[in-house]
Amino acid sequence: MPRSNYGDKHCVTVMQGASHVALDFSAKVVDFTCVHGDSGNLTSLIVLTEEEIVAFDLTTPGIPEVPKPYLYSLHDSPVTYLTHCAAVPEQLWSDLK
């Protein structure tokens, strides 16, 4: 973001080699984390804002947003925390389905 207006924006910058993308959000960014695939490469970026949680696909050029599983914004109740749980047992995933 240009220095003249970076203070009034809510952004996360993603840099991969020569690619440089600024993700601009309408709400304050609370936290963000990167998800690693089986090979150790980064596969996703998850950003938690005050109004929603957004995931981005880092393996596709242009860093598209992953479609949300819900049809409305979750800003009715402010989200304040994000936790990434790795190595979730397969049985738990089956039970959730």
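This report walks through the sheet, the core, the salt bridges and a few surface and backbone details of the structure above.

It is a predicted model, so a word on the ground rules: local features need pLDDT of at least 70, side-chain atom pairs count only at pLDDT 80 or more, and totals for chains, interfaces and linings use all residues. Residues are numbered from 1 along each chain as its sequence is written, and side-chain values use heavy atoms, with hydrogens and water left out.

Let's start with the sheet. Strands E3, E4 and E5 make up an open, antiparallel sheet, in that order. The element names follow DSSP runs numbered from the N terminus, with helices (H or I) of at least four residues and strands (E) of at least two. Two strands pair if DSSP finds at least two bridges between them. E3 (29-36) and E5 (53-57) sit at the edges with a single partner strand each, so one side of each has no neighbour in the sheet. From one strand to the next, the twist averages 20 degrees; axes here are lines fitted to C-alpha atoms, and angles run from 0 to 180 degrees between N-to-C directions. E3 and E4 (residues 42-49) run antiparallel and are joined by seven bridges. Asp-31, for instance, has Leu-48 in E4 as its bridge partner.

Now for the inside. The largest nonpolar core has eleven residues, among them Val-12, Leu-23, Phe-25, Val-47, Phe-56 and Ile-63. A core of this kind is a set of buried Ala, Val, Leu, Ile, Met, Phe, Trp, Tyr and Cys residues joined through side-chain atoms within 4.5 Å. Strands E1 (10-16), E2 (19-25), E4 and E5 each give two or more residues to this core, and E2 gives the most, with three.

Ala-87, in the loop between E5 and H1, is not a glycine either, and has a positive phi of about 55 degrees. How much of each is accessible is in the table, where buried means under 20% relative accessible area, exposed over 50%, and partly exposed in between (1.4 Å probe, protein chains only).

| Residue | Relative accessible area | Class |
|---|---|---|
| Ile-63 | 5% | buried |
| Lys-68 | 30% | partly exposed |
| Glu-65 | 40% | partly exposed |
| Leu-96 | 61% | exposed |
| Ala-87 | 77% | exposed |

On to the charges. There are two salt bridges in the structure, each being a side-chain nitrogen of Lys or Arg within 4 Å of a carboxyl oxygen of Asp or Glu. Lys-68 pairs with Glu-52 at 3.6 Å, N to O. Through shared partners, Glu-52, Glu-65 and Lys-68 form one network.

Finally, the surface. Leu-92, Trp-93 and Leu-96 form a nonpolar patch with about 330 Å² of accessible area together. Such patches take residues with over 30% relative accessible area and no salt bridge, joining like charges within 9 Å and nonpolar side chains (Val, Leu, Ile, Met, Phe, Trp, Tyr) within 5 Å. Areas come from the Shrake-Rupley method with a 1.4 Å probe; for residues, only the protein chains shown count as cover. Leu-96 belongs to helix H1.
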